[in-house]
Amino acid sequence: MTPPAVSPAMVGREAELGGLRDALAATRDGHAVTVLVGGEAGAGKTRLVSEFADGLADDVRLHTGHCVELGSDGLAYTSLAGVIRSMIAEFGTDSVVRWAGAGAGALSRLIPELELDDPATDPGRGRLFEVVTFVLERAAAEHPLVVVIEDLQWADGSTRDLLRFAIRALAGAPLLLVLTYRTDEMSRTHPLRPFLAELDRLRAVRRVLVPRLDKADVARQLAEIWGRPADPDVTERVYRRSEGLPFFVEELAGAEYDGSPVGLPDSLRDLLLVRIERLSDQTQELLRVVAVGQTGRVAHWQLAAATDLAPSELDESLREAVSANVLKVEGDGYAFRHALLCEAVQDDTLPGEHARLHRRFADALANPIDSDPAASVMERAYHLFAASDHAGAFRAYLDAADHAANKYAYPEAQFALERVLELWDLVPEPETESGTDHASLLVRTASRATHAGELERALTLGDAAMREFGDDVDPDMRTELVLQRSRILSDLGRPTSVDELQATLDALPPEGHEFSRARLLSTMGARNLMAGDLVAAKRLRIRAVEAAERVGATDIVLKATTLVGSAEVQLGEIETGLATLERAKALQSAASPGAVLSYHVNASDALCLLGRYEEAARIAKAGIDDAKLAGRARTLGAIILGNAAEPLVALGRWESADRLIMRGLELNPPMRHFWQLTALRTSLRTWQGDIDDAERTFADIRSIAGRADVDPQYSIPTSRAAAEIALAHDDADTAWAAVATCLDDTRRLWGYDLPLIATGARALALRRTEGADIAADARRLRTELDVIGDWGPAPSWRAVLEAELADTGHPAAWDAVVRAPWLPAYVTAYARMRRANAYIERGERAAATAALDDARTAAEKLGARLLVGQVEDLGRRAGFDDRPGTDNGLTPREHEVLRLVCDGCTNGQIGERLFISTKTASVHVSNILAKLEVSTRGEAAAVGRALVGDAPVR
């Protein structure tokens, strides 16, 4: 008799199983959860997931996909296509297409047999990513959903990208995503390693690590397999040899069953081959064929074509391998029961045998029966390359690149074209075979690399193509290369050369090439606008519109017209600019979703800069709605979330704004939008009084600031956010330094400058209370405002400046700020506090009391806890607040300073520890001495130890 091949009961995985069940329970509350299940090969990851699946409630739906090992090539989206096919089989095509929504046609790129009409020409993968996410989300809305993706270590780049997107996007769906991977394959350079590290930072992601079994669990597993306890010496031997890996325990249990370990091989790999060697020679040969051809599963028709066996002989050998628990049946094909068995057989196959068998599979795949041509052609190219058929592989990889690009699998398309470039010199007449020249192939590969997000590689390939083309390059091709380079440099945050764009424009023949001319002019106008050269931006964009209209390039017309309107608004031609934006709005019906979004982004931004916050929020919301209707809410729609949040922050609708900001950051936006959202979040958290979170958020900006060339519309709000954090710490010098450094940049945008200037005035007002001479710096701020003049909301911001810089507090000046239009709600609330302070300084107690109550009410309604604390502190210090104070009225910052005084720190050391200037530290110490009614630092320390105890300094 022989024992069972596997243990009837899972052993030693109770905690890990509980972790999966806890994750599923969390999804019942409507929260998507991702669990990363890691473990060595043979640790029992699949068994764990199977046990979990067997215990699912009747209302839970389970769908599984498997990543495919195919050398380094990868089969794009194989696991996710398997999940969608499984859902189609259970729910029907109509349901899945309905769940896919407006972009359902993109599913045909993933599941060709659906044959859905997909008229879109958008080259971005966002459409496909959105559609897959919609299907999962809407399926989960009808039934709690568990999706398992096995063997993530073999996932292709496109699958990783889609999973990265879906995990961030599926925040509110009752869905559990389980991803298994082999930890023993995680080399330092493995592409899965950074992917897992990125996921670890997400709140909705958990890890379950499947460890090796201890000796007691090995004994339990042997008892389950044999139906009786194992002798202690056998347990010891199996535990030592298996090293606690359940799969090897099972193999050793079979070998040890008769009680005699004699003849067992020393190597675990050889132990696996023992199981193979017990089979007939014909079956062993078949297993070598399966091992060479296995890409997760080998279809029966492939085996029939790749072997010399008659149908009856093939069936006989397959039945023997399945009965021996070496192979398992999967759909209409076969796979090894465990990957380690496959690896052992592969290692035991001779090199010549490898090449011959790869050739057979390539020939079989020349006429595939499978319905996914993209997978078949990539697999065939892999086998041809492994068989050293360079010419065949060259042609196959060219075909594979086209198929991969058609399904938006750009990493795989890039890989295929890189392989073609690798084979170029090994193939006779490569230009004839490919129908292109080497330089043009470099351009094509660079384009695929750009779409795949491999920007550095795309830059290298594009530069190489430009060198190969030389001076005789076609004008349109040169335009394409230069524009591609400009986009990549911008996305990488590096300086882009407008001169190179101008030279390319100048090189265009005077007649024709209008589409290239329009593209260059439009891009140059955008670069000038971002850099603050508004006059040049307007002039170039007008020329772009004219060129684009001549060739009917509606998208360029819409984008260029929108940017003209934005430039006019910022130049002070406000009514003209708004009229131009209205003309752009009328062009939306004939444009692509991306071009339409550019209108919503720029129009909402222009109105927000003008202080017309309600209109700005409305236009941004319309952009989000349009993106939803196009099925692009999480890709194109994510780009405008910052534009929707910014006016809401100004209007005081902070809860709604915060949701939009956090959602935008969850969706991993491009760098420009990351800067916008992060600066917004930093500023919002500061006013909300959560300084620790504001500083953590701002650290994300600092982490990339040193390697990015940031345009003023992003650098100015970032500098303002840094100054606001410093002011929350009463660090006026640091705040002013942040403002002054930004003002040194000659690239200016008035709408962004105004809040920065007001923040600078606030820093100067605080510096003056510390005894600093601010006259020269105040003149600088007034000069900056004089340049802006009466543009838009500038008079309201001038009121803020003059109130801050007045020699003494004037309630009327702050009252003017409170009543001024076009100011953000938090500025008005801050002005109410300063008005109360001015009444206090003038000794008008009745007015001060009313003003303090008004300021507190406004700050509390807004949720500005920073201001609430400052108002309460102001009242206590002035003796207007009869509520009991804390610790003799010390502020939180003074608590921190007092702790350091108690530790014996000097003012310089205090400044260094708290990231404030020595002067600011000195002011804090003086305030502490006054409040504690002591005259020396030693006396303050003696009193302070009783007040602050041993609490650590933040």
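**View 1. Cysteines without a disulfide partner.** In this predicted model, a search of the whole structure finds zero disulfides, a disulfide being a pair of cysteine sulfur atoms within 2.5 Å. Cys 608 takes part in no disulfide, and the nearest cysteine sulfur, which belongs to Cys 742, lies 17 Å away. Cys 902 is likewise in no disulfide, the nearest cysteine sulfur being that of Cys 905 at 9.9 Å. Cys 608 counts as buried at 10% relative accessibility, where buried means under 20% relative accessible area, exposed over 50% and partly exposed in between, with a 1.4 Å probe and protein chains only. Cys 902, with 12% relative accessibility, also counts as buried. Residues are numbered from 1 along each chain as its sequence is written, and side-chain values use heavy atoms, with hydrogens and water left out. Because the model is predicted, local features need pLDDT of at least 70 and side-chain atom pairs count only at pLDDT 80 or more, whereas totals for chains, interfaces and linings use all residues.

**View 2. A buried salt bridge between Arg 337 and Glu 251****.** The closest N and O atoms of Arg 337 and Glu 251 are 3.0 Å apart, a salt bridge being a side-chain nitrogen of Lys or Arg within 4 Å of a carboxyl oxygen of Asp or Glu. The pair links distant parts of the chain, 86 residues apart, with Arg 337 in the loop between strand S8 (333-336) and helix H16 (339-347) and Glu 251 in helix H11 (residues 246-256). Helices (H or I, at least four residues) and strands (E, at least two) are DSSP runs, numbered from the N terminus. Both Arg 337 and Glu 251 are buried. A search of the whole structure finds 63 salt bridges.

View 3. Asp 815 is partly exposed at a relative accessible area of 24%, whereas Arg 819, at 60% relative accessibility, counts as exposed.

**View 4. A network of salt bridges.** Arg 125, Asp 161, Arg 164, Arg 168 and Glu 198 are linked through salt bridges into this network.

**View 5. The crossing of helices H17 and H18****.** The axes of H17 and helix H18 (residues 373-386) come within 8 Å and cross at roughly 150 degrees, where axes are lines fitted to C-alpha atoms, for helices over the stretch in contact, and angles run from 0 to 180 degrees between N-to-C directions. That makes H17 roughly antiparallel to H18, a term for angles over 145 degrees. The contact (heavy atoms within 4.5 Å) is made by Ala 355, His 358, Arg 359, Phe 361 and Ala 362 of H17 and by Arg 380, Tyr 382, His 383, Leu 384 and Ala 386 of H18.

Definitions and conventions:
Parallel < 35°, antiparallel > 145°, perpendicular 65-115°, else oblique.
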